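Okay, thanks for coming, everyone. Let me put the structure up and walk you through a few spots in it.

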Amino acid sequence: MEDISAIFQKADKDNSGTLTVKEFQEALDDICDRYPQVKLYLNNKQMSSLVDLLKESKGDVAKESIELNVEEFKSALSQVDSQMKNLPATAQVAAQQGSYLADCFNRMEECTKNPEGPLRFRESGRHRFRPFRYKHLGQFAPLGGEQTAAQLPGDWVSIGHSSQWLWYSVYASKQVSWRTRSLVVSDWMRRFIFGRDSSQI
């Protein structure tokens with residue numbers, strides 16, 4: 001929300017003090033690129049573009065006739081900002097952030113010369129890197145008794161032994177070396193055959 005005035009000023013190319021659909025549409029790609037939560041909000045609300053959001057805030061009028069001043073524009077985008085949530089503190093998020101950060105470090109010199117990020121609304125030029133985007137790949141929850149609940153992309157949910165074996169395969173594939181994988185798998189097989197060693201509990 002702190003960038004609203006800068007976004008509005010950048011989109012209002014004719015300095016009329018109001019924003020038309022055409023003016024806003026030209027800035028839309030950079031807005032969604034700079035603020036991934038805007039694109040996520042549109043997808044969740046099944047809106048084809050932010051113009052639908054403007055239409056929603058102005059009432060049932062023809063899209064072409066929509067004109068917003070800065071306060072109306074701020075009101076329309078406050079809906080997006082109010083539903084912004086922090087990413088969960090999970091290993092999956094941390095791993096993706098680490099991979100993104102490593103990629104940024106590796107391409108720092110290249111991206112300094114040729115910035116690939118979205119338009120800077122508060123100053124000229126572009127950001128050096130594209131913003132981080134989290135991609136949810138699913139999650140597992142152990143239920144005991146060799147059963148697991150799995151929630152995968154596409155809202156696919158599975159509970160039972162098959163989910164446990166799926167979790168085993170994903171966990172093993174995430175190990176950093178083949179030696180670690182073999183140790184983990186051999187430990188699972190030993191436990192499966194002989195049971196858990198509870199003598200030291």
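So, how many residues does helix α8 have, and how far does it reach from its first C-alpha to its last? Helix α8 runs over residues 161-173, so to speak, with 13 residues and a reach of 19 Å, close to the 18 Å expected at 1.5 Å a residue. That expected span is 1.5 Å times one less than the number of residues.

Before I go on, some ground rules. This is a predicted model, where local features need pLDDT of at least 70 and side-chain atom pairs count only at pLDDT 80 or more, while totals for chains, interfaces and linings use all residues. Residues are numbered from 1 along each chain as its sequence is written, and side-chain values use heavy atoms, with hydrogens and water left out.

Now the overall picture. The protein chain has nine helices and five strands, where helices (H or I, at least four residues) and strands (E, at least two) are DSSP runs numbered from the N terminus. In sequence order the pattern goes α-β-α-α-α-β-α-α-α-β-β-β-α-α. There are 201 residues in the protein chain, and 30% of them count as buried. Buried here is under 20% relative accessible area, exposed is over 50%, and partly exposed is in between, with a 1.4 Å probe and protein chains only. As for contacts, meaning heavy atoms within 4.5 Å, take those between residues at least 6 apart in sequence: 43% join residues at least 24 apart.

Back to α8. Which of its residues are buried? They are S163, Q164, Y168 and A172, and they pack against β3 (139-144), β4 (147-152), β5 (156-160) and α9 (178-194). Let's pick out Q164: it counts as buried because its relative accessibility is 8%. Skipping neighbours within four places in sequence, Q164 is in contact with E146, Q147 and T148.

Next, helix α3, residues 36-44. Its buried residues are V38, Y41 and L42. Why do they sit on the same side of α3? Because they cover an arc of only 100 degrees around the axis, the arc being that of the directions from the helix axis to the C-beta atoms. The general rule is that an α-helix has 3.6 residues a turn, so residues three or four places apart point the same way. On the other side of α3, L40 and N44 are exposed.

L40 comes up again at the largest pocket. The lining there is 19 residues, with Q37, L40, M84, K85 and L87 nearest the centre. α3 gives the most to that lining, with seven residues. The volume of the largest pocket is about 740 Å³.

Buried, exposed or partly exposed, which is Y134? Partly exposed, because its relative accessibility is 23%. Y134 and L87 are 47 residues apart in sequence, but C-alpha to C-alpha they are 8.1 Å apart. Not counting residues up to four places away, Y134 touches L87, Q92, V93 and Q96.

Last stop: P131, also placed in the loop between α7 and β3. With residues up to four places away left out, P131 touches D33, R34, P36, Y100 and P118. For P131 and P118, which are 13 residues apart along the chain, the C-alpha atoms are separated by 8.1 Å.

Technical notes:
1 Å grid on protein atoms, 1.4 Å probe; cavity = no way out; pocket = protein on both sides within 12 Å on 5 of 7 lines; lining within 4 Å. Points joined across faces, edges and corners; volume = space filled by probe spheres on them.
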